[in-house]
Amino acid sequence: MTSILIVDDHPIVRDGLEVLLSSEKDFTIHGAVASAEEALALCGKKGPPDVVVTDVHMPGGMTGLELLARMRKSYPSARVILLAGMPLKSEVDEAKSNGAAGYMPKSSKRGVLSAAIRRVAADPSAFVEEGYVQPKTILSAREAEILRYMAMGKTREEIAIILGIGFETVRTHTKNLMTKLEATNSAGAVSRAYELGLLRA
């Protein structure tokens, strides 16, 4: 049996992965937690799993890449597969160079993820990946600045005061950056920016 630890801050994704993977006869769920910190704590209590399947971007705490580094140091036998909402070439390279077992999109089909887990569990030298994209989004310096304040929870009025610019200017830049990020509101824009690596926790 291959033991799997699932790490994702979104309950729906985490629960979905647990249901999906626990249905495989040769898999057992070591745990399903919401953060890298919880994952490390669980490993400290129960020992490491065979495979860790973790989200890359988990705002507010340690990222999946940081968890990878900690796992490699403390539990080198555990294989780590990173999942990304928006797979990026730069992260594929970083994951591979830092000893990850794989880097895959969250949109991967059930059979693909299960096969990837079996492969890395059986072959310590394996690295699995299923494509990536280059971000098309290029924010202007002002848009990026406004986005950072949005991520801090600042309103458009507050951002205008902080930056010393007009409210209409902030609104225009916000509209432009949301278009580029394919988001319909500020929360969606911030979430998308984390996925693209434009914001870091």
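## Exercises on a predicted model

**Exercise 1.** Check whether the end-to-end length of helix α8 (residues 167-180) agrees with its residue count.

*Solution.* Helix α8 has 14 residues, and at 1.5 Å a residue these should span 20 Å. The expected span is 1.5 Å times one less than the number of residues. The end C-alpha atoms of α8 are 20 Å apart, which agrees. Helices here are DSSP runs of H or I with at least four residues, strands are runs of E with at least two, and both are numbered from the N terminus.

The model is predicted: local features need pLDDT of at least 70, side-chain atom pairs count only at pLDDT 80 or more, and totals for chains, interfaces and linings use all residues. Residues are numbered from 1 along each chain as its sequence is written, and side-chain values use heavy atoms, with hydrogens and water left out.

**Exercise 2.** Find which residues of α8 are buried and how they are placed around the axis.

*Solution.* Step one is the list: Val 170, His 173, Thr 174, Leu 177 and Met 178 are the buried residues of α8. Buried means under 20% relative accessible area, exposed over 50%, and partly exposed in between, with a 1.4 Å probe and protein chains only. Step two is the view down the axis of α8, where the buried residues fall within an arc of 135° and so line one face of the helix. The arc is that of the directions from the helix axis to the C-beta atoms. Step four is the packing, in which the buried residues of α8 lie against α6 (141-151), α7 (156-163) and α9 (186-196). After α8 comes Glu 182, with a positive phi near 55°.

**Exercise 3.** Repeat the analysis for the buried residues of α9.

*Solution.* Ala 189, Val 190, Ala 193, Tyr 194 and Leu 196 are buried in α9. Around the axis they cover an arc of only 165°, which puts them on the same side of α9. Their cover includes α6 and α8.

**Exercise 4.** Work out the strand order of the sheet and locate the edges.

*Solution.* The open sheet is formed by 6 strands in the order β2-β1-β3-β4-β5-β6, with parallel pairing. At the edges stand β2 (27-33) and β6 (128-129); each has a single partner strand, so one side of each is left without a neighbour in the sheet. Two strands pair if DSSP finds at least two bridges between them.

Next, take the pairs in turn. Strands β3 (residues 51-55) and β4 (residues 79-84) run parallel and are joined by 5 bridges; Val 52 has Val 80 in β4 as its bridge partner. Helix α5 (residues 110-122) packs on the sheet and touches β1, β2, β3, β4, β5 (102-105) and β6, with its direction at about 155° to that of β4. Axes are lines fitted to C-alpha atoms, for helices over the stretch in contact, and angles run from 0 to 180 degrees between N-to-C directions. Contact means heavy atoms within 4.5 Å.

Between β4 and β5 there are 4 bridges in the parallel sense, and Leu 83 stands opposite Met 104 in β5. The parallel strands β5 and β6 are joined by 2 bridges, with Gly 102 opposite Val 128 in β6.

**Exercise 5.** Sort the residues of β5 by the direction in which they point.

*Solution.* Gly 102 and Met 104 point one way, Tyr 103 and Pro 105 the other way, and all are buried.

**Exercise 6.** Classify Thr 63, Gly 61 and Ala 141 by accessibility.

*Solution.* Thr 63, in the loop between β3 and α3 (64-74), has a relative accessible area of 14% and is therefore buried. Leaving aside neighbours within four places in sequence, Thr 63 is in contact with Ala 36, Val 56 and Met 58. Gly 61 lies in the loop between β3 and α3; its relative accessible area is 27%, so Gly 61 is partly exposed. Ala 141, in helix α6, counts as exposed because its relative accessibility is 66%.
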